[in-house]
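Me: I am new to this structure and would be grateful for a close look at a single part of it. Please describe the place where the two chains meet, and then set it in its surroundings.

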Amino acid sequence: MIRLEEPRKFRPLVNQAHQVAAEIFRPISRKYDRAEHAYPKELDMLAALLDGLNAGNSQAGAGVGGVSRSADGDAEGVRNGSNMNIVLAFTELCWGDVGLALSLPRQGLGNAAIVAVANEEQKQRFAGCWAGMAITEPGAGSDSAAIKTTATRDGDDYVINGEKIYITAGGRCDHVVVWASLDLKVGRPAIKSFVVPKGTPGMDLVRLDHKMGIRASDTATIRFSDCRVPAANLLGSPEIDTSKGFGGVMQTFDNTRPLVAAMAVGVSRAALERSRELLAEAGIETGYSTDRWRQTAAAAELTALEAEWEAARLLTLRAAWMADNGQPNSLQASMAKAKAGRIGTRITLRCAELCGALGYGEDELLEKWARDSKILDIFEGTQQIQLLIVARRVLGLTSSQLK
Amino acid sequence: MDERKRDIQGVGLSLLNRFAGSEVVDKLGLRKPAEKALYQASKASFGAASMARRRFKSVSQRLRPERMERAGDGGDLFDLTPSDEQAMMQEAARRFAEEVLRPAAHDAEAHAEPSKDVWSAAHELGLAMMAVPEALGGAGAERSAVTSGLVAEQLGWGDPGQACALLAPVGVAHALACWGDAAQQDRYLRAFAEDTPPDAALALLEPAAAFDAAHPGCRAERQGNNWIVTGEKALVPLGPFADLLIVGADCEGLGPRLLLVETRDERVLQTPEPGMGLRAASLGRVQLHGVVLGDDAVLGDADSYAQAIDLARLAWCSLAVGCAQAVLDLVGPYVTERQAFGEPIAYRQGVAFTVADMAIEVDAMRLMTWRALARHDAGLEFHREAVLAHRYCAEHAMQLGSDGVQMLGGHGFVTEYPVERWYRDLRALGIMEGGLLA
C-alpha cells in the first residue's frame, strides 16, 4: 500500500543519529573544519557507541555495514530494512557534519564494498576493520576502467603496483580496498578489488590533500610498490570473465550511491532549516502558503528549494526501499545520486545567498555546508556519470553507443 | 449537448467487456458494480437534445450524510506498491487511456470536447460511480485520493484535455461525498451514480493576474437568510454547459467557502473560454450576477475550502505526471531512432542527458504527488506536501513539456506528433486552481 513516510520502527535509531549529530558533530564542526588533518578524537568514543548500537540491533545496523542486499523471499511482503535504515541514519549524521560522518571509524566506503561483495570467510576475517576505498588514480577518475594499478599473481599472493588518490579516510583507516587490474590488456573484466591491511610492506601513505570542504575527513594518496597481499584478500571471483564486464566491482555502487545521496539530503536540510531561522530573525515569514506570488521572494525561494529537497529525499528512499526488497536498483540509485548531488550544492549555495553576510561568514556554518556539499556531486560517481547511467538504462543503450 | 451522453452504444461497450472479463474484477468483488453500470447503460434511452440545464431533485430525507472511510495507510512501512484494487483501477484506466483517449485526442481538441463515444466509455469505466457511496446508489466503498491520483495519472498519459473533462464531474462527486450534508447528497450526489450524471466542475480560478485561490474575489453577501453571489470564475472545465458548479466565494462574515450553484439560474452566464491547451476540456468562463442562494448551498466549512485547493492541485499534479510520462515514452524511442551526423541522436550526451533529466523528474514528480495523496488517505496533515508537490510539478512539468518538443526539434513543433499539445497542456500546472479534485 502506497505510503511514503519514514517507518516508525526506525525512529529510535534515527533519533540517536540525530542526537549524535546535534550534540557531538555540530559543536566540533567548525573546529575540525579549521584544523584540517587533525584527528577528531571525539569520534573514538562515538565509534564505541555505534559498535554497541550495531551489536544490540542485528537487523538494522547504524553503519555502512548495513548496505547489504536482502535475499529474495526471506520475508513475507514488503520490507523496510537495513538499506533504508542506514540512509535515514546518514541523513541525520550529515545534517550534523558531512566530514565527521565520513570519519566515523569502521564506517568507510571500503566497509560497504566488503559487505557488498566479500564471501563469508572474508566478511568474518575483516569484521571490525576500518576500510577506505581506493579507486581513483592520477590519470583515471570517472573512467575507472582506465586504472593502471596492477595486481600480478605470484604463488599464493598478488603483487600490487600503482598509485591511488582521493582515498577517503585513507590516512586513518586500517585497511584499504584497492581496485587493480589482473591484465591491463583485457580492460573492465580484469579489474578486481583487494583488501590490503595498513602496514603491508610496499604500501606507503604519500600525502593528505588540502580540500575546499569536508576537511574533517582526511583524503589520502597511497602508493603501492610491489605490495604483496594474500590471494584470499581478493573480493569476488579471481577469474577474468569477459561476459560479466564490470558487474562485480560496480555493484557496490548500487548500495553506496543512495548513501551519498542521503548525505546530500542531510546537509541541505541543515541549510534549509538554518535559513528559515535566520529569515525569521530578519522578520521574513516563511511557510507553506498556497499563494506563492504574494510571498516575499525569499520565502518563495525557500519553498522551491524545499520542494527540490523533498524530491531528492524521496528518490533516495525509493532506491533504498528497492534494495531492501531485493529489486535491482542501479537506475534508481543513480537517479537519487544525480538529483541529491545537484540539489545539495544548489540548496546550500542558494541558502548562503539568502542569508547574506551571515550565509557567507564563518560565524554560521552555512558557508561550510556550501563547501562540504560539492564533493557529494563528485565522489561515488559524478553528476555526469550518473546521467550516463540513467540515460543508458532509459534509452537502452550500451556504453559503446552512449559514451 | 446532452445527447452525447445518452448514446450508450459504441466503443465503450467493448471496453466494458474487457473490464468484465478481467479476473481481478471477481477477486475484488467489483463484479456487481460493473454489472450494475452495464444494466443502467443498457436501459438508457435516447432523449431529445436539449440545451436546458439539468434540474436537480431531492429524493429522500435522510438525516445523516454518507461518509466513506478513508483508505488508511496500511501500517508502518514505506511502500510504493499499489493495493490490488488500486492496481486494477490503474490497469483499467490505462487501457481506457490507450484505447479510447489516445486515438480520440486530436479530434477532441478540434471539437473542444470529448466525443459522445468517449463519454459513454468513461461512464462505463465507472469513475463517477466509485465516488458515490453505495447507500446513494454508487459503487464507492472507501475514499482514496491515491486511487483518484493513480487513475488521473493514467488518463493524463492518454490525453490531459479529455481527462480533465471526464474527471471534473468526478471531482464534484468526491467533494459532495466528503463534505456534503444529507440534503446536499440527496439532491446532488445521487445524480452522479445515474446513467446520465450531471456535467459539473469545481470553479475556483478567477480571471486575475497573480490570483490567490485562498482569497477569492468572488463575493457572497448576506441578505436576510440568503447569499447574493457576485463574481467571475475562469477556465472552468465543462464551463459553457455545466449543470452544477462548486464555486469558491468569500462569504460575508465567514470567509472563503464552497458554494453549490445550479446553473439553470438565469443570473449565471456561461461562455466558452478556450486557452493555450486542454482544449478538449471545454474550458469556460462563468459569471455570477447576483445569484441568490440559501444556506443549504454552502458546502462544508473553511477547512473543506482549504482542502479543496490542495486536493485539486494534487489532481492536476497526477494528470501532469501521466502526461510527462507520455512525453518521456515518446521521446525515448524517437531519439534512439532519429539519425543525425551518421548516428542516432541519443548517442550524443546533449540529447541523452536531457532525457535522463526528464526521467528523473517524472519519477520525482510522481513520488511527491503520491506522498501528499497517501498522507490524505492516512488522515495525516498533507498541506505542506501538497504545496511542495504542486510547486515542484508546476516547475518540472513545464520543463518536461519544453524538453519534449526540443528533443523532436521541428517535428515537435508541428501537430504531426502530440508533443506540442502536451507542451501546451503541461503549462496548465501552476495556473489551474480547482477544476478537478483528487
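Reply:

**Where the two chains meet**

The axes of helix 12 of chain A and helix 12 (residues 349-377) of chain B come within 8 Å and cross at roughly 85°. Here axes are lines fitted to C-alpha atoms, for helices over the stretch in contact, and angles run from 0 to 180 degrees between N-to-C directions. Helix 12 of chain A and helix 12 of chain B are therefore roughly perpendicular to each other (65 to 115 degrees; under 35 counts as roughly parallel, over 145 as roughly antiparallel, and the rest as oblique). Helices and strands are DSSP runs, numbered from the N terminus: H or I of at least four residues for helices, E of at least two for strands.

This is a predicted model, in which local features need pLDDT of at least 70 and side-chain atom pairs count only at pLDDT 80 or more, while totals for chains, interfaces and linings use all residues. Residues are numbered from 1 along each chain as its sequence is written, and chains are lettered from A and ligands numbered from 1 in the order in which they are written.

To return to the crossing helices, their axes come within 8 Å. On the chain A side, the contact is made by Leu387(A), Val390(A), Ala391(A), Val394(A) and Leu395(A); helix 12 of chain B contributes Ala352(B), Phe353(B), Val355(B), Ala356(B), Ala359(B) and Ile360(B). Two residues are in contact if their C-beta atoms, placed from the backbone, lie within 7 Å. Ala, Val, Leu, Ile, Met, Phe, Trp, Tyr, Cys and Pro count as nonpolar, Asp, Glu, Lys and Arg as charged, and the others, Gly among them, as polar.

The contact between the chains takes 41 residues from chain A and 41 residues from chain B. On the side of chain A that touches chain B, helix 8 (297-324), helix 9 (330-354) and helix 12 are the elements that give two or more residues. Helix 8 of chain A gives the most, with eleven residues. That side of chain A divides into 24 nonpolar, five polar and twelve charged residues.

Glu380(A) lies in the loop between helix 11 (366-372) and helix 12 (383-395) of chain A. Glu380(A) has a positive phi of about 60° although it is not a glycine. With 26 C-beta neighbours inside 10 Å, Glu380(A) counts as buried (20 or more other C-beta atoms within 10 Å; exposed means 12 or fewer, and partly exposed lies in between).
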